[in-house]
Each structure stands twice: as C-alpha cells, then as structure tokens.
Amino acid sequence: PIIATGGAMGSVLGQWMPSTPDERKTLLGAGAAAGMAATFGSPISAVLLAVELLLFEYRSRSFIPVALAASAATAVRVAMVGPEAAFPMTDLSPAGPMALVLCAVVGAAAGALSAPVTRTLFAMEDSFFSKLRVHWALWPAIGGLAVGLIGLAVPRTLGVGYDNITQILSGSITGWAVIALCVAKFISWSVALGSGTSGGTLAPLFTVGGGFGAALGLGLAHLFPWAGLDPRMAALVGMAALFTGASRAMLTSVVFAVEATRQPWGILPLLAGCAVAYLVSSRLMTTNIMTDRMIRRGAKVPSGLGTDPLDQILVAERCSREPAVLPADMRVHEARTWLHSGEPGSTHRAFPLLEPDGKLVGLISRSRLLEAEGDQTLRDYARAPVRVPPFRTLREAGNLMAEARADVLIVAEPEHPDHMLGVLTLRDLLEARNAHVDSAALREPAFEIMPGTQVFRSK
C-alpha cells in the first residue's frame, strides 16, 4: 500500500503541474520508490524496484529523479525513525561452496513455489468469490471473517507481519511453528486479497518465503551437516527468492534483502538463489504477480529491460551513398519517361534534385512526379528535404521521420547542408532491424580447439 500511495502522489503531482506522459511516469516511479525507501530504509532497492517493475528503462531522465526521491525519503526515515535495519538479525558468516549450492536449491524451490502462490492468489477471486451468490460488496466481509478465524487459530498471522519476518530471519521461529505460520499466513493473505480487501504483497511474500526457506534450510542442514548451511541464511534466500519468482524483480530482491538486514555476506547466496528462482519461475508461468491482471485485461506490459539495436547503428553505416538523383532542371515529361524506363533507381519512391554543381535543391516523390501537371522543371515541384547528420543513430533518424512525417531523409553534415552525402529511407531502417533479428538466431563456427572439432557461438 505504501508503494501504491507514493506512486499515486507522484501521479497526482504530474497531473497537477504541466508535464509530459514520460515525466508523469517518472514522477509515479519516484513516488513509489520514495514510499518503499521510507518504509524499509532501502533506497537502492527502491530505485531498482522502480526500474524493474514500473519504468522498464535505465535513463538519466528517469533514473536521477527516482534516485533523488528515494534518497530524500530515506533521509527523512533516518531522522524520524532511526538508522536501524528494517529486519535486524545477528551477523551471518560467509557461505562456503556447498552452502552456496544448497542456497541455490532453496532458490529453485522458492521459484517453483512462486507459481502456485501466484495462481492461487488470482484464483481465489476469479474462481471462488466471483462464484458466490452474494453481492460483491459483501466479499470483504466474508474475507475479513476468514482472516479473523485464522487469526484466532494462529495469532501471528494478524498485523503487518514485520515482527514475524524478523523472528524468522533470526531463527526465533523454527520447526512446525514456522510451517504453520507460513501456511496460515498464505491462506489468510490470499483470502483477504481475493475478497477485494486492500492489501500489499511485499510483507506476505517475505513472510511465506522466509518461513519456507527457514524450514527447508533446517532440513537441508540436517541432511548435509558437512555443508555448513546456516538456516538463517536459507531463510534470507527463501524470502528474496520467493519475491523474485513472483515479481521477476531479481536485483530488487537481492539488494533489498541486504539493505533490510545489513548482512553483506548474504550477497553471494542471494544472487545464486534469486537467479535460480527467476529461471524456474519463468519456466513455470509467463506472467507474474504484478502484471498478471493487467495482461489479462489486454494491457501490453514490458517483459524486461533491453537495448534498442537501432540505437547502436549510425546513419552513416546504413544510408545509401549513391542514390538515384535527378537534375533540378529536368522537365516533367522527361522524368516520367525515365520512371517507366526500368533503369536502375527508377523504381525509388523519392529522388533528390541537384544543381549542375551538385548542390542540393530539394526532394520530389514518385507520386508527386506522376501527379504533376504541365511541363515545368522538377525544381518547381520540389519540397524541402529533411536532413539528418551521418553521426546520428538510426533510432534518432526514425524519430525524426516520425516527427516530420517523412520516409526519406537526406544525409548531410550540419556545416554543409546542401552537400548531400547519401539518402536514408524507411526501408533502410527495416533492413537494419531485420539484420539484427537474423543475427540473433545465427550460429556459426568460432574457432577450433583441435582439428575437426569446432566450437560454435551465437552472434
């Protein structure tokens, strides 16, 4: 709820003041990150949360405002609450090689658990409450009754749950007690959210994941005592790994677990466990707990961060250096005769017009030439060209095409705008994109270790 509230505050601010859609999205992410940082004292993971789950980009225009908001929120928390860790625990020791392997096993199990946890959460509303023969306004009352009855049986399920997380990580709750807490908390949480009651996902996932990791870690420690696995480390990995599997925010989960507990020795086990959890979860379900409902409503949600291949190719690399050009003094009937001649370049969609000395006059499209009336020179039908420097990227060129509503750009240096270096067309952009798609699936021999033995690589 604090993340949603912070995001709503940022969104309202973006709607109150003049701003672009991208700026409003950035303000929403800044508010959400500030809410998380203020609650848990975790500014770095709050920024990563905004990047991985809200913004889906890593750019200065969005990253810097979010980082400033998270820093300010953490400073206020330190001033008002104190610098203590959100979930304090005694210092952990470095994990050995076999302990790391067991932490990866805990992560794999937590990743597998995230799939039924997510599906059950949404099925509670779609398959249970929606089929009850009562008005939907009564669903929260039914959910509240169930939460209360579960709370009578297992009182630890009531409340925010931060104390439970701290006790699980410190090893105060173990054995059947932690299993009972996890099962009861999961049922209580899924029923509450399924009934339409407002609630969060962070604390319940941390509770269930931490308890699951603690129980599994205790069992693994008994089976493999020589591995040196600390059940508290397994609890920490389970907490982060379940959130990773459910949300697909791996870096957020790893850094949050370290920031919230102040346990730097947990970084390596957390990386191993959360990476495996991400892999297992992505194989078991295509959506996650944050995007499932939006995708089912038809929204397009980015699946991750990626680089734009067009943003890595310069215009100079893809433009046509020898385009088909026409003299500016050519008559219309002569140009039409040439268009129907079938000569090289006569099928192009647009033609630069040049003076005898090579100076650029303008651009004329094929359709404009065919529609021209009279027998004037092509100069009379020329339109002003849209120029792009050769050192710009294809992505920038594509944006320029969209802004100018043009599918042909003249490549020229800013210092010599009338000296044409080449032509860039929309087809050139598409071919560059297709070349990237083809190369991504191309495997070719890279080198030979021994004669007759080839090692392949993927370009």
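Student: Let's begin with Glu 52: which helix is Glu 52 found in?

Tutor: Glu 52 sits in helix H3, which covers residues 43-55. One thing to keep in mind throughout is that this is a predicted model.

Student: Thanks. Is Glu 52 buried or exposed?

Tutor: Its relative accessibility is 18%, so Glu 52 counts as buried; the cut-off for buried is under 20%.

Student: And what is Glu 52 in contact with, leaving aside its neighbours within four places in sequence?

Tutor: With those neighbours left out, Glu 52 is in contact with Ala 249, Met 250, Leu 251 and Thr 252. Take Ala 249: its C-alpha atom is separated from that of Glu 52 by 5.9 Å, although the two residues are 197 apart along the chain.

Student: Nice. On to the core, then: which residues touch the most other members of the largest nonpolar core?

Tutor: That core has 66 residues, and the ones touching the most other members are Phe 87, Leu 169, Trp 189, Leu 205 and Leu 270. Helix H10, residues 231-247, gives the most to this core, with 11 residues.

Student: What does Leu 270 touch, if we skip its neighbours within four places in sequence?

Tutor: Leu 270 is in contact with Leu 236, Val 237, Ala 240, Val 254, Ala 257, Val 258 and Ala 275, leaving those neighbours aside.

Student: How do Phe 128 and Phe 129 each count in terms of accessibility?

Tutor: Phe 128 has 41% relative accessibility and counts as partly exposed, whereas Phe 129, at 1%, counts as buried. Phe 129 also pairs with Trp 139: the ring centres are 6.1 Å apart and the planes are at 45°, so that pair is tilted.

Student: Where do Phe 129 and Trp 139 lie in the chain?

Tutor: Phe 129 is in the loop between helix H5 (97-128) and helix H6 (139-153), while Trp 139 is in H6 itself. They are 10 residues apart, and the pair links distant parts of the chain. Like Phe 129, Trp 139 is buried.

Student: Changing topic to sheets. What is the strand order in the sheet that holds E5?

Tutor: The order is E4-E5-E6, in an open sheet of three strands with mixed pairing. Strand E4 (387-388) and strand E6 (420-425) are at the edges with a single partner strand each, so one side of each has no neighbour in the sheet.

Student: In which sense does E5 pair with E4, and in which with E6?

Tutor: E4 and E5 are parallel, over two bridges, while E5 (residues 408-412) and E6 are antiparallel, over five bridges. Ile 410 in E5 is the bridge partner of Arg 387, and its bridge partner in E6 is Val 423.

Student: How does the chain cross from E4 to E5?

Tutor: It goes through H17, in a right-handed β-α-β crossover. Helix H17, residues 394-404, lies across E4, E5 and E6 and runs at about 75° to E6.

Student: Which residues of E5 are on each side?

Tutor: Val 408, Ile 410 and Ala 412 are on one side, with Leu 409 and Val 411 on the other, and all are buried. With five of its five residues buried, E5 is therefore largely enclosed by the rest of the structure.

Student: What about the sheet with E1, E2 and E3: what is the pairing there?

Tutor: That open sheet has mixed pairing too, in the order E1-E2-E3. E1 (326-327) and E3 are its edge strands. E1 and E2 are parallel over two bridges, and E2 (residues 350-354) runs antiparallel to E3 with five bridges.

Student: Last one: which residue in the hairpin of E2 and E3 takes a positive phi?

Tutor: That would be Gly 358, with phi near 90°, in a hairpin that has five residues between the strands.

Technical notes
Residues numbered from 1 in each chain as written. Predicted model: local features only at pLDDT ≥ 70, side-chain atom pairs only at ≥ 80, totals over all residues. Heavy atoms only, no water. Buried < 20%, exposed > 50% of the residue type's maximum accessible area, 1.4 Å probe, protein only. Phe/Tyr/Trp six-rings, centres within 6.5 Å; stacked < 30°, edge-to-face > 60°. Helix = DSSP H or I, 4+ residues; strand = E, 2+ residues; numbered from the N terminus. Pairing = 2+ DSSP bridges. Contact = heavy atoms within 4.5 Å. Axes fitted to C-alpha atoms, helices over the stretch in contact; angles between N-to-C directions. Core = buried A, V, L, I, M, F, W, Y, C linked by side-chain atoms within 4.5 Å. Right-handed = clockwise from strand over helix to strand, strands pointing away.
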